[in-house]
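The sequence and the structure come first.

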Amino acid sequence: MTVRYAAPGRVNLIGEHTDYNLGFALPIALPQRTVVTFTPDGGDTITVGSLRADGAVRFPLATAPGQVTDWAAYVAGVVWALRQAGHPVPGGAMSITSDVEMGSGLSSSAALQCAVLGAIASAAGVEMDRIEQARLAQRAENEYVGAPTGLLDQLASLFGQPSNALLIDFRDLTVAPVTFDPDGHGVVLLLIDSRAPHRHVGGEYAARRASCERAAAALGASSLRDVWDRGRAELDAIHNPIDARRARHVLNENGRVLDFVAAIGDSDFVEAGRILTASHVSMRDDFDITTEHIDLIADTAVRAGAFGARMTGGGFGGCVIALVPDTRADAVAQTLRRTLLSAGHPRPVVTRTRAAAGAGPG
Ligand code: GLA
């Protein structure tokens with residue numbers, strides 16, 4: 001019997017590089033989805049084809065890290081993680097379609113993983129709660145693909161709800177929907193794709209993570225969340241100045257997530273925008289994960305009339321989001337295209353977006 005399962009990409013509204021520090025973040029699921037069609041055949045291999053790739057990839061169910069690379073590693077990684085956890089995985093043929101832009105920092109990889117996981121679990125009749133699904137997908141990404149990422153992307157893709165953002169507490173692993181419907185208040189969430197690709201498998205993400213772990217250890221804490229909970233920054237006690245700046249970003253960013261939730265709860269989009277911009281500045285100056293190109297996009301959006309703007313996702317490229325009064329949205333988009341082109345950058349792709357549903361039968 002053929003099954004279909006779909007999972008969306010995500011935009012993180014705020015709370016960047018907080019997930020592996022057991023802090024807070026506030027993502028939404030995007031309307032763009034990856035759809036997996038799976039037909040089990042009783043064999044002991046999986047063949048997977050994607051409209052985006054030339055030729056299908058075939059691997060044994062008993063696959064191990066290192067065997068499959070590139071995009072199909074996310075598929076094989078999910079198979080590996082499911083089997084490691086003792087779940088049955090049927091062999092068969094899989095095909096993938098997606099309108100989640102790849103390499104734009106919109107979590108095309110989490111969308112792929114969550115759709116594959118849902119399709120296999122449905123075909124095998126396995127019931128798994130969504131937190132467990134997120135953990136399995138994370139394990140696949142960490143140990144099979146080799147990217148030391150946190151749980152943000154998978155939780156966003158699995159738990160998304162229309163008109164809601166998700167307040168995630170990564171220590172307790174709780175996900176609370178928070179109404180996020182700026183359109184209802186004449187405000188638009190603009191998604192600005194820089195067209196500068198980004199990747200996590202590279203060393204910068206891992207370096208940031210190591211810096212945060214060193215900073216927590218220097219303060220005798222098991223995570224920067226514990227430092228935040230103590231209610232004081234204690235950053236002076238971190239002797240490595242770079243680690244101290246990285247930790248300052250994480251501690252301040254946790255506070256900004258909660259402040260942003262309060263602002264949107266009051267429908268105060270001016271304040272919400274101010275907090276977005278403060279997050280961008282912190283990623284630029286303390287966490288060092290933006291680029292001049294991305295800074296130009298965020299600055300231009302604000303100068304052109306956005307309430308605020310920030311890079312979203314892991315960093316070093318990808319997308320910027322901006323909260324903009326509806327009446328200014330077209331002008332902001334035009335100014336962005338003009339300014340970026342005249343500075344010698346690719347023409348950014350500017351779209352209006354909104355919170356959409358999470359993974360489910362497609
Ligand atoms: C990437 C990772 C996430 C998270 C973000 C930064 O998207 O996959 O786990 O760390 O970067 O917030």
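1. The note opens with Arg195, which is placed in the loop between β8 (187–193) and α5 (203–218). Helices (H or I, at least four residues) and strands (E, at least two) are DSSP runs, numbered from the N terminus. Arg195 has a positive phi of about 70°, although it is not a glycine. Most residues other than glycine have a negative phi. Arg195 counts as partly exposed because its relative accessibility is 39%; buried means under 20% relative accessible area, exposed over 50%, and partly exposed in between (1.4 Å probe, protein chains only).

2. On the basis of the note: this is a predicted model, in which local features need pLDDT of at least 70, side-chain atom pairs count only at pLDDT 80 or more, and totals for chains, interfaces and linings use all residues. Residues are numbered from 1 along each chain as its sequence is written, and side-chain values use heavy atoms, with hydrogens and water left out.

3. A positive phi is also found at Leu22, where the angle is about 60° although the residue is not a glycine. Leu22 belongs to the loop between β1 and β2 (24–40). With a relative accessible area of 30%, Leu22 is partly exposed.

4. Is Arg10 buried or exposed? This residue of strand β1 (residues 3–14) has a relative accessible area of 3%, so Arg10 is buried. A polar atom of its side chain lies 2.9 Å from the backbone oxygen of Gly105. Not counting residues up to four places away in sequence, Arg10 touches several residues, among them Pro27, Ile28, Leu106, Leu152, Asp153 and Gly313; contact means heavy atoms within 4.5 Å.

5. As for the whole chain, the protein has ten helices and twelve strands. Among contacts between residues at least 6 apart in sequence, 71% join residues at least 24 apart. Of the 362 residues, 57% count as buried.

6. On overall dimensions, the C-alpha atoms fill a box of roughly 60 × 50 × 40 Å along the principal axes.

7. Concerning the surface, the protein exposes about 14000 Å², of which carbon and sulfur atoms supply 50%. These areas come from the Shrake-Rupley method with a 1.4 Å probe.

Key: Polar contact = N/O pair within 3.5 Å; in protein donor to acceptor, adjacent residues only side chain to side chain.
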